[in-house]
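Please read these notes beside the sequence and the model.

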Amino acid sequence: MSQSTLSAARLATLVEGFDRSPAYVGLADALRELIGDGRIGYGTRLPSERDLTEALGVSRTTVTRAYAVLRDSSYAEARQGSGTFTRLPGGRTRALDRALWPSDVGNGVIDLVCAAATAPPGIAAVYAEAAADLPAHLGGHGYFPAGMPDLQAAVAATYDARGLPTAPEQIIVTPGALAATAVIGSALAGPRDKVLVESPTYPNAVRALRTGGGRLATLALDPSGWDLDAVAGALARHRPRLVHLMPDFHNPTGLVMSDRDRASYARLLATHGATPVVDEAHHLLGLDPGPTHTPFAAYAKDAVCVGSASKSVWGGLRLGWIRAPHGLVDQLTRARVGLDLGVPVLEQLVLTRLLTGDLDGVVRAQKERLREQRDALVTALAEALPDWSFRVPSGGMALWCRLPAAGATTLSVEAERHGVLLAPGPSFAPEGGLDRYVRIPYAVATPLLLEAVERIAAAWAVVTSGRGGATAPASGSEPVLVA
């Protein structure tokens, strides 16, 4: 990938408002956060000390000392005659879990399997503030199977604000949306029960819903939206206990269900005695102006909702929750205790501060970055792969691309040889198929996306020529799809 250079004017905008007491420490802290969360890419050439001094209106000593702090903490390195370049402690892959990447993947590989963004600005400061609150809680046992009361109330208030009255006791805090889904599957779907899921859908949710032994049935999701006649037929045919759906920026298609369809879908579920499990992990990630949709549970009073901070804030903040009807809270809480006994107190304090503070500002920063990256990806794909088709989603984190011919699995194999990890359509098909589709997240920085598209185009050229890509990866070597 070609080396990038950051102008002094752009960097001055990124660090605007940094703490100036003392200035060199505040500037260094701001730069470390920008480098750490990817807003300044790995290996980027930073502005010269003279140029940055002028752009910031600070002393040359301030910039010199800030750059020295970066070098000493392994966030930058000086190259003789070339300047100062960003780096990361431990190298480019320092934060990658070996469970997620093939063992032979080296530096320079772009991961487009995981649809999750880096943390938005200000998260480190919230953690520091929450840590200052922690001593007040050390005198207790620290177990909160349903969640700390203040956090339950803060989450409930978000539903109130959306027009869905919710009491704090209806909230069960979990370590992420996936854990919440597993609790629901364990509590509500036994071995004799059917669980109806969409295809395509988020594959880990399917496995989580079957925690209690429920039997899987699938419902094809049309690329243009929900076919309610097909829904009615599937409900009559399978008589499911649970129906999993994602009405807000569906993963992987990005579809959004209209209010009219939500109301109709809810009536069908009620008619057939099926309980909706509503995954709302992406609902805050609307990137374009448009109507605000009524929560699905406003139409289906027995709906069990799953929420998460991992998409709208940061995946490292492992917190999700269940919003349950009053009549199911006890059953779900008992099932939850069978899986784990609660979420770490510090993380709960962090999310409480976010929800009761400037969550809108945090999410706005995340959405601005995602919008820019989405638009860059759309443009790059249209230029490099004009025969691919996709609908530009109004929110969420990924494009669902239709290939001109089946071959997504073969493409994913060849793309890995070109240094890009991809999740092909069959990964999202619970009962197989969808090999004409591939999901491409726009959650990584724009320069990486542009480089990834070049590599994918090269890989697709190999696939369509018949010259390679036919060998499937060895069992267990392919990346685990996390988000």
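1. The second largest cavity has a volume of about 40 Å³, where a cavity is a set of points, on a 1 Å grid over the protein atoms alone, at which a 1.4 Å probe fits but cannot get out, and where a volume is the space filled by probe spheres set on the points, with grid points joined across faces, edges and corners. Its lining, meaning the residues with an atom within 4 Å of a point, consists of Glu198, Leu219, Ala220, Leu221, Trp226, Asp227, Ala230 and Val231. Strand 6 (215–220) and helix 9 (228–238) are the elements that give two or more residues to this lining; helices (H or I, at least four residues) and strands (E, at least two) are DSSP runs, numbered from the N terminus. By class, the lining of the second largest cavity divides into six nonpolar, no polar and two charged residues, with Ala, Val, Leu, Ile, Met, Phe, Trp, Tyr, Cys and Pro counted as nonpolar, Asp, Glu, Lys and Arg as charged, and the others, Gly among them, as polar.

2. The model is predicted, and local features need pLDDT of at least 70, side-chain atom pairs count only at pLDDT 80 or more, and totals for chains, interfaces and linings use all residues. Residues are numbered from 1 along each chain as its sequence is written, and side-chain values use heavy atoms, with hydrogens and water left out.

3. A search of the whole structure finds two cavities of 30 Å³ or more, and the largest cavity holds about 70 Å³ of space. Among the residues that line the largest cavity are Ala115, Phe249, His250, Lys311 and Met397, and by class its lining has five nonpolar, six polar and one charged residues.

4. The second largest pocket has a volume of about 930 Å³, a pocket being an open set of points with protein on both sides within 12 Å along at least five of seven lines. This pocket is lined by 37 residues, of which Arg162, His283, Leu284, Gly286 and Thr292 lie nearest its centre. Two or more lining residues come from each of helix 6 (149–161), strand 9 (304–308), helix 12 (345–356) and helix 13 (359–384), and helix 13 gives the most, with five residues. The classes in the lining of the second largest pocket are 17 nonpolar, twelve polar and eight charged residues.

5. In what order do the seven strands of the open sheet stand? The order is 4-10-9-8-7-5-6, and the pairing is mixed. Strand 4 (171–174) and strand 6 stand at the edges with a single partner strand each, so one side of each is left without a neighbour in the sheet. The twist averages 20 degrees from one strand to the next.

6. Two strands pair if DSSP finds at least two bridges between them. Strand 7 (residues 242–245) and strand 8 (residues 275–279) pair in the parallel sense over four bridges, and the bridge partner of Leu242 in strand 8 is Thr275. Strand 4 and strand 10, by contrast, run antiparallel and are joined by four bridges, with Trp321 in strand 10 as the bridge partner of Val173. Strand 9 and strand 10 also pair in the antiparallel sense over four bridges, and Cys305 stands opposite Arg323 in strand 10.

7. Gly320 and Ile322 point one way from strand 10, Trp321 and Arg323 point the other way, and all are buried; buried means under 20% relative accessible area, exposed over 50% and partly exposed in between (1.4 Å probe, protein chains only).

8. Leu399 has its place in strand 11 (residues 398–402) and is buried, with a relative accessible area of 0%. Leaving aside neighbours within four places in sequence, Leu399 is in contact (heavy atoms within 4.5 Å) with residues including Leu377, Leu381, Phe390 and Ile440. The C-alpha atoms of Leu399 and Pro441 are separated by 6.1 Å, although these residues are 42 residues apart along the chain.

9. Gln348, in helix 12, is buried with a relative accessible area of 0%. Its contacts, leaving aside neighbours within four places in sequence, include Phe144, Met148, Leu151 and Val173.

Key:
Axes are lines fitted to C-alpha atoms, for helices over the stretch in contact, and angles run from 0 to 180 degrees between N-to-C directions.
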